[in-house]
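Subject: Structure handover

Hi,

Here is the structure I promised to pass on. Have a look at it first, then read on for what turned up.

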Amino acid sequence: MTTVHRGHDSAQSPTPPTRHWLPLGLVWLVVLLPAMWGITQTVLKSMALFR
Amino acid sequence: MSLLDRAHSVAPPDYDRWRVPPSALAIHLAIGQAYAFSVFNLPLSRLLGGAAATTGDWSISRIGWIFSTAIVVLGLSAALFGRWLERVGPRRAMVTAACCFASGFFVGAAGIATHQFWLLLVGYGVLGGVGLGIGYISPVSTLLKWFPDRPGMATGLAIMGFGGGAMIASPLSVALMARFKSATSPGVAETFVVLGVLYLALMLFGAFTVRIPAADWQPHGAAVRVTGAPSVVSVSATDAVRTPAFWLLWIMLCTNVTAGIGVLGQASAMIQETFPGRIGVEAAAGFVGILSLANLSGRFLWSSLSDHIGRRATYLTFFALGTALYASIPSAGRSGSVTLFVLSFVVLLTMYGGGFATIPAYLRDLFGTQEVGAIHGRLLTAWSTAGVLGPALVNYVREYQLAHGVAKSDAYGVTMYVMSGLLIVGLLASLRLRALTATSTTSPSSSHARRAP
C-alpha cells in the first residue's frame, strides 16, 4: 500500500497554505495573453471553412 | 552563474505548485514556433527575385530541409542532453535552450541577409534544433514531480503550449514581415531578429520562474490510497532503453506521429483536391486552422483523461479509433461530405496531439520520475524519425498514384489506408505493452502505480 496526497487545491485539505493570487495571476497572464491572441487568430482563420 | 544551480531553484515548502505550469508553458509556447516555419517558405524562396523567384534563389524543397533538420536535431539533442538536464536541473537547461533557440534565429538572420543557405541551416536547423530539444524536455520531469496525482494533466498543459506556439508565431511572423518588407527585401531577416529577441525574453521568463520541489516534498491535503507498486520506482535512462517497454512506446509514438504529421503537412492540398471546386485556398487554410486547434486541445484533453482511464486505455483508443477513422476517410471523401471529412480529421488530430502529451506520464508510470526527462529525451528520437518518414510517405504515395493515372481527388485514398496500417502496428505495440505491464499495474486510475517490466 502506498499513500500519496492530493494538492492543496483540494477542498479536503485540512490546512491549506495561503494562496497568493497576485503573483499567481501575473505569471499565468504572461503566458495566457499571447496564447489567447494566437488562438483567436486561428479561430478567425478557421471561420473561412464555414463561409 | 550559481543562480542557475539546481539548489537555487528548489521551492520553499509552502510554494504554490500552480505557479510552475506557466514556466513550462512559456518555454513550449516559444519553441512551438517551429511548426509555423512554413510561413517563411515562400519569402525565403524569393530573396533575390523579389516578387518572383529568380536564378540563384533557394527552392522550396531545399528550404524544407531547414525544418526537417530542426526536428531531427530536436530528437537527437533531447536524447543526448536528457541526463545532463536531470543533473543540472530545469533552470540551467531552460537558459541553455533559450540561448540556443534565440541564437538560431540570429545566425539564421545572418544567413538570410547574406544569402548563405548553410548559415541558415546551421543557425535555425542545428543551433535552433538543440534549443528545441533541450527546451522540449526541460519542464516535463519538473511538472511530473509537482503533480504526482495528475501527471497527465500537468504535462499535457505544457505540451499543449507547443501546439499553441505555432498559433502565435504564424500570424506574428506574417505581421512582422509585412512591417519590415521593402522594395529590396521581404523582411525575413529582420523578422528573425525580432523573433529571436522575443523568444529569448519569454524563455528566460520561464527559466527564472521555474521551481523544483524539495526531495521530500509531497502535496498537502487529503490522502489518496493507491494500491500496487511501491511509491518510488526509479529506472535509469540507460536501463530503461534496454527494456522492451521503452521500444514498444517508441513504436507507438513513432506510428502515431508519422500518421498525424504526414496529414498535417498536406492538409491544405488534400482537402482542395478531394473536393475540387467546392473548397478553395481560403477555406483550406481554415481547415488547417481547425486541425491546429484540434491538435492543441487534444494535447490537454486526452492527457488529462488518461489520469482517469489510464495510459493503456488511452493509447488503445488512439490506435483502434484512429485505424477505423483513417480507413473511413476515403469513403467520406467519395460521399462528398465535407463535414464528415473534417470531423474525422478533427478527431484524428486530437489523438495526434494527445499521443505527444500523454507519453511523459506513461514513461513516469513505467520508469518513475528520477530520470524521466532523460528517458523522454531518448524517446523523442521517434518524433525525429516520424518527422522525416511522415511527409515523405504521404508525398511518395501521392506521386506514385498520380503517375499511375489516379485522379487527384482519389490520390489520397491509398495514403489513408497506409496511415491506417501504421496505426495497426501501433495498436499491436500497445497491446504487447499492455500484456507486459498487466501484472505490475493494478487499476486504471492508479496512475501512481508503476513498475518497469
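At what angle do helix 9 of chain B and helix 14 of chain B pack, and how far apart are their axes? The angle is about 40° and the axes are 7 Å apart, with axes taken as lines fitted to C-alpha atoms (for helices over the stretch in contact) and angles running from 0 to 180 degrees between N-to-C directions. Helices here (H or I, at least four residues) and strands (E, at least two) are DSSP runs numbered from the N terminus. That angle makes helix 9 of chain B oblique to helix 14 of chain B; under 35 degrees would count as roughly parallel, over 145 as roughly antiparallel, 65 to 115 as roughly perpendicular, and the rest is oblique. On the helix 9 side of chain B the contact includes B:Trp250, B:Leu253, B:Gly262 and B:Gly265, and on the helix 14 side of chain B it includes B:Trp383, B:Gly387, B:Gly390 and B:Pro391. (Contact means C-beta atoms, placed from the backbone, within 7 Å.)

Before the rest, some housekeeping. This is a predicted model, and local features need pLDDT of at least 70, side-chain atom pairs count only at pLDDT 80 or more, and totals for chains, interfaces and linings use all residues. Residues are numbered from 1 along each chain as its sequence is written, and chains are lettered from A and ligands numbered from 1 in the order in which they are written.

On confidence: the model scores ipTM 0.86 and pTM 0.87. Chain B averages a pLDDT of 89, and 94% of the residues score at least 70; pLDDT is the predictor's confidence in each residue, from 0 to 100. Which stretches of chain B should you be careful with? Over residues 222-231 of chain B pLDDT stays under 50, and the model has 34 contacts there beyond four places in sequence. Residues 441-453 of chain B are also below 50, with 48 contacts beyond near neighbours in sequence. Where pLDDT is low, the predicted coordinates should not be read in detail.

Back to helix 9 of chain B, which has other partners. Its axis comes within 9 Å of that of helix 10 (residues 281-309) of chain B, and the two cross at roughly 140°, in a right-handed crossing. Among the residues making that contact are B:Leu264 and B:Ile271 of helix 9 of chain B and B:Phe287 and B:Leu291 of helix 10 of chain B. With helix 15 (residues 412-437) of chain B the angle is about 160° and the axes are 9 Å apart. That makes helix 9 of chain B roughly antiparallel to helix 15 of chain B, and this crossing is left-handed.

A nonpolar core is a set of buried Ala, Val, Leu, Ile, Met, Phe, Trp, Tyr and Cys residues joined through C-beta atoms within 7 Å; buried means 20 or more other C-beta atoms within 10 Å of a residue's own, exposed 12 or fewer, and partly exposed in between, with C-beta atoms placed from the backbone. Beyond four places in sequence, the contacts of B:Phe101 include B:Ala30, B:Ile31 and B:Met203.

B:Ala30 and B:Ile31 are among the buried residues of helix 1 of chain B, where 11 of 11 residues are buried. What covers them includes helix 1 (21-46) of chain A and helix 4 (90-113) of chain B.

Chain A has one helix and one strand, and 16% of its 51 residues count as buried. A:Gly38 sits in that helix and is buried, with 25 C-beta neighbours inside 10 Å. Among the residues A:Gly38 touches are B:Gly164 and B:Met167.

Two last spots. B:Gly104, in helix 4 of chain B, is buried, with 29 other C-beta atoms within 10 Å, and B:Gly123 and B:Gly128 are among its contacts. B:His115 has a positive phi of about 55° although it is not a glycine, and it is found in the loop between helix 4 and helix 5 of chain B.

Cheers

Key: Contact = placed C-beta atoms within 7 Å. Left-handed = near helix turned anticlockwise from the far one by under 90°.
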